[in-house]
Amino acid sequence: DMPAAAPQLQRSKQAAAGMTPRPALFLDRDGVINHDDGFVHRIEAFRFREGIFDLCARAQGLGYALVVVTNQSGIGRGLYGEAEFAALTRWMLARFAERGIRFAGVEHCPDHPQAGLGPYRRENPRRKPGPGMLLDAAARHGLDLARSVMIGDRATDMEAARAAGVPTRILLAADAAEARAAPPGSIILPDGALRQAAALLPPLG
């Protein structure tokens, strides 16, 4: 977990102690929060997807904790560094905060089993389709995976959520191949259909 998103993540960790586990909305970043233009790492290249703020506001209003789970192999490939990712994440969270939206956490995995350089070339259960980032976030923030939701644009997002025990898995299919590769039980919507996804969030009670 990156140190950059500082006080709000820290408060969330403290609040998790002794709290009743709460459900989360897990969000992939590239392709869901922002347009996936390929290894996005600069503020000027970061384009929010239409409907993402409304989706997150609705989820927060329903009582979901918001958590980003993002593969960032660009770090492992040497295309950009942890500091650049952290700076972009701080900026992204500030844009949500301006709209009253707070994230409980941001989990990222910089490794890649083939393309990673040096210590980044490794298998890592945190890298989707592994469930590690979701499991780590659940432990860190006191989350109830069995009442949580995952929204992603790749079949690997759905696989990670299924392996973590997340029942509601919404795929905003980046293309037809991703839709075909999605594991059974995935709810498949068109690419970028964030408003439709918002309407499918299960009410909590």
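Trainee: OK, so how far apart are the mean positions of the positive and negative charges?

Mentor: They sit 4 Å apart, for 25 positive and 22 negative charges. Bear in mind that this is a predicted model, where local features need pLDDT of at least 70, side-chain atom pairs count only at pLDDT 80 or more, and totals for chains, interfaces and linings use all residues. Residues are numbered from 1 along each chain as its sequence is written, and side-chain values use heavy atoms, with hydrogens and water left out.

Trainee: Fine. How many helices and strands does the chain have?

Mentor: Eight helices and six strands, as DSSP runs numbered from the N terminus (helices are H or I with at least four residues, strands E with at least two). Along the sequence the pattern reads α-β-α-β-α-α-β-α-β-α-β-α-β-α.

Trainee: And what's the radius of gyration?

Mentor: It comes to 16 Å, close to the 17 Å from the globule rule for 205 residues, so the chain is as compact as a globular protein of that length. The radius is taken over C-alpha atoms, and the rule is 2.2 Å times the number of residues to the power 0.38.

Trainee: What share of residues is buried?

Mentor: 51% of the 205, with buried meaning under 20% relative accessible area, exposed over 50%, and partly exposed in between (1.4 Å probe, protein chains only).

Trainee: Switching to helix H4: what span should it have?

Mentor: Its 16 residues, 82-97, should span 22 Å at 1.5 Å a residue, and the end C-alpha atoms are 22 Å apart, which agrees. The expected span is 1.5 Å times one less than the number of residues.

Trainee: Which H4 residues are buried?

Mentor: Among them are Phe-85, Leu-88, Met-92 and Phe-96, and Arg-95 is on the list too.

Trainee: Now Tyr-120. Where is that?

Mentor: Tyr-120 lies in the loop between strand S3 (105-109) and helix H5 (132-141). At 26% relative accessibility, Tyr-120 counts as partly exposed.

Trainee: What does Tyr-120 contact, leaving aside neighbours within four places in sequence?

Mentor: Ile-75, Gly-76, Glu-82, Pro-110, Asp-111 and His-112, where contact means heavy atoms within 4.5 Å.

Note on methods. Lys and Arg count as positive and Asp and Glu as negative; His and the chain ends are not counted. The place of a charge is taken as NZ of Lys, CZ of Arg, CG of Asp or CD of Glu.
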